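Subject: Structure handover

Hello,

The structure we spoke about is below, with notes on what turned up in it. Please read the notes with the coordinates open.

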Amino acid sequence: MMTTVRLRPAAPFDFRGTARSHGWVALAPNRWDDESGFLTRVERLSSGNVVRLQVTGEGTSRKPGIRIDIEHRGRLTRRDSENATARVTHMFRLDDDLKPFYSLCRKRGAPWTKVTRGLGRLLRSSNLFEDIVKVICTTNIQWGGTKKMAAQLVEQFGDACDDDPAQQAFPGAEAIAAVSAAEFARRVKMGYRAPYVHELAGRIASGELDLATLEDRGMSTPELRKRLLAIKGVGGYAAASVLMLLGRYDDLPIDSVCRDFTGRKYFGGRSPKDDKVRGLYEDWGEWKFLAYWYDLWLSRG
DNA sequence: GTCCAGGTCGCGC
DNA sequence: GCGCGACATGGA
């Protein structure tokens, strides 16, 4: 059965631009069809029910809409429907206020004004565990390897919505913690990252670590960063990436891509030191990450 | 076969 | 606080 829910994001909002804002759209369980502009994803809701979400944009960036088709078995409860909607809202950051960032972009003029037409919301997963695991899967590996690891996690440990094993939800921490570290490493080829992810899953499943505390807006960014760094497998780059996913843009994920880009654009091809990179975006205040990200994006045309 | 990837850990200094 | 080698895996 299918239930359709419609959302009205605040304008401006660019659905395609948001879906494709970074590589996340290509990582399982997400599927993106560029032709139709549909983002499909299986989701295990809080009730335990597993549904398939098909999300697409409607209208224009000035008068935007989002349509969520929820494919489910049996009746879809109001609670499930609201839960699914909340997850899409989280993924697309529909509650974020980007006005101050847009204002800075306008002051810069072209080409930054392009961003103010509804960009700036970098796609995230429906839950923080998935985002942290995926960020760990981007470290010290090429993009193809990251995609493979995400796909294996979903295939091996995700809940199915129907009989298509290629389309399952991203596993919850409990599913990973339920097997031994050895079995986890055998079933998902994550190399040396496997123990990190298994340990993280175990700490969450046991209740020792509550990721919800990391989403508390009351916590200062330095404190939050410290807590992220305490997770094995999360270093400076990964912490900055997760901070971005949490909506905190004042730290930069200085990795090979960042050094390469800023080196070519600002330092005559020489790879800059970290503080030189930070200096480039210093005057963007709490929006440094977005400034860096769209600097990179705009430079690619 | 060798090198290394959108780094991080654990060590020694 | 900084420099260094090791680290699994698989693509180039």
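The side chains of E223 and R227 meet in a salt bridge, with 2.9 Å from N to O. The model is a predicted one, so please read every distance here as computed from predicted coordinates. E223 and R227 sit four residues apart in helix α9 (residues 221–229), which means that about one helical turn separates them. Both ends of the pair are partly exposed: E223 has a relative accessibility of 25%, and R227 has a relative accessible area of 37%. Elsewhere, salt bridges with shared partners link R41, E43, R87, E130 and K134 into one network.

A search of the whole structure gives 25 salt bridges.

- R187 and E183: the closest N and O atoms are 2.5 Å apart. Both residues belong to helix α7 (residues 181–187), at a spacing of four residues, or about one turn of the helix. R187 is partly exposed at 26% relative accessibility, and E183 is partly exposed at 23%.
- E58 and R67: the closest N and O atoms of this salt bridge are 3.9 Å apart. The cut-off for a salt bridge is 4 Å, so the pair counts as one. E58 is partly exposed at 24% relative accessibility, and R67 is partly exposed with a relative accessible area of 23%.

As background, side chains of opposite charge can pair when their charged atoms come close.

Next, the DNA. Which residues surround DNA strand C? They are N140, K148, K189, G191, Y192 and R193. By class, this surface divides into one nonpolar, two polar and three charged residues. Of the atoms of DNA strand C within 4 Å of the protein, 59% belong to sugar or phosphate, and the rest belong to bases.

- N140 places a polar side-chain atom 3.4 Å from a base nitrogen of DNA strand C.
- K148 has a polar side-chain atom 2.6 Å from a phosphate oxygen of DNA strand C.
- Y192 uses its backbone: an N or O atom there lies 2.9 Å from a sugar or linking oxygen of DNA strand C.

Then the pockets. The largest pocket has a volume of about 700 Å³. Its lining consists of 27 residues, and W143, Y237, D255, V257 and W293 lie nearest the centre. At least two lining residues come from each of α5 (143–157), α10 (236–245), α11 (256–266) and α13 (288–299). Helix α13 gives the most, with five residues. The lining of the largest pocket divides into 15 nonpolar, nine polar and three charged residues.

The second largest pocket has a volume of about 570 Å³. This pocket is lined by 27 residues, with R87, N127, F129, G172 and E174 nearest its centre. Two or more lining residues come from each of β3 (38–44), α2 (78–91), α4 (128–136) and α6 (173–177). The largest share, four residues, is from β3. The lining of the second largest pocket divides into 13 nonpolar, six polar and eight charged residues.

Regards

Key. Residues are numbered from 1 along each chain as its sequence is written. Chains are lettered from A and ligands numbered from 1 in the order in which they are written. This is a predicted model: local features need pLDDT of at least 70, side-chain atom pairs count only at pLDDT 80 or more; totals for chains, interfaces and linings use all residues. Side-chain values use heavy atoms; hydrogens and water are left out. Buried means under 20% relative accessible area, exposed over 50%, partly exposed in between (1.4 Å probe, protein chains only). A residue is near a molecule or strand if one of its heavy atoms lies within 4 Å of it. A polar contact is a pair of N or O atoms within 3.5 Å; within protein, one must be able to donate a hydrogen and the other to accept it, and residues adjacent in sequence count only if both atoms are side-chain atoms. Ala, Val, Leu, Ile, Met, Phe, Trp, Tyr, Cys and Pro count as nonpolar, Asp, Glu, Lys and Arg as charged, and the others, Gly among them, as polar. On a 1 Å grid over the protein atoms alone, a cavity is a set of points where a 1.4 Å probe fits but cannot get out, and a pocket is an open set with protein on both sides within 12 Å along at least five of seven lines; lining residues have an atom within 4 Å of a point. Grid points are joined across faces, edges and corners, and a volume is the space filled by probe spheres set on the points.
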